Amino acid sequence: MIRLNLSNRPEWLELLPGLRIFVAPLTTALMVSARADPLIDNLSEASSQEDMALAMAKAVARRAVLEWEGVGDDDGNLVPVSPAGIDALLDIWPVFEAFQAQYVARGLMLDQEKNASAPSPTGPSAGATATARPAQAPAPTAPQD
């Protein structure tokens, strides 16, 4: 069963002690927009999976993070949310991991909550895997009159 969150309200996530981000709901529109991000389009086909994952996380975060608390510059002054700041924040490994786990992974959890039945594109058992062993030779029958 898929559990729908119909509130569609932004929420605060605590990524690390003293670091919170206020994020928009993870919607299809947000993900589609992130996939169309110019930085993702500019990745070469030779880019590693890690490079692609980081680029996608940054694209999602630039669209999702609305506010933050606990982010400052070298002098300790609080800085406003900006695309460059979001990218720099996600370059910090523990922040990246927390963002992936607390925000992105929740959207991916829907895959685990889908109907557990086998796919059936052209009939009730088209996508099912057979579990019975093949039949043996037929058993002998009594002579018929």
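A: Two helices, α4 (83-90) and α5 (93-108), each supply at least two residues of the lining of the largest cavity; helices are DSSP runs of H or I with at least four residues, numbered from the N terminus. Of the elements, α4 gives the most, with three residues. The model is predicted, so local features need pLDDT of at least 70 and side-chain atom pairs count only at pLDDT 80 or more, while totals for chains, interfaces and linings use all residues. Residues are numbered from 1 along each chain as its sequence is written, and side-chain values use heavy atoms, without hydrogens and water.

The volume they line is about 40 Å³, and a search of the whole structure finds one cavity of 30 Å³ or more. A cavity here is a set of points on a 1 Å grid over the protein atoms alone where a 1.4 Å probe fits but cannot get out; its volume is the space filled by probe spheres set on the points.

As for confidence, the protein averages a pLDDT of 81 (the predictor's confidence in each residue, from 0 to 100), and 68% of the residues score at least 70. Over residues 114-123 the pLDDT stays under 50, and the model has eight contacts (heavy atoms within 4.5 Å) beyond four places in sequence for that stretch. Where pLDDT is low, predicted coordinates should not be read in detail.

Methods. 1 Å grid on protein atoms, 1.4 Å probe; cavity = no way out; pocket = protein on both sides within 12 Å on 5 of 7 lines; lining within 4 Å.
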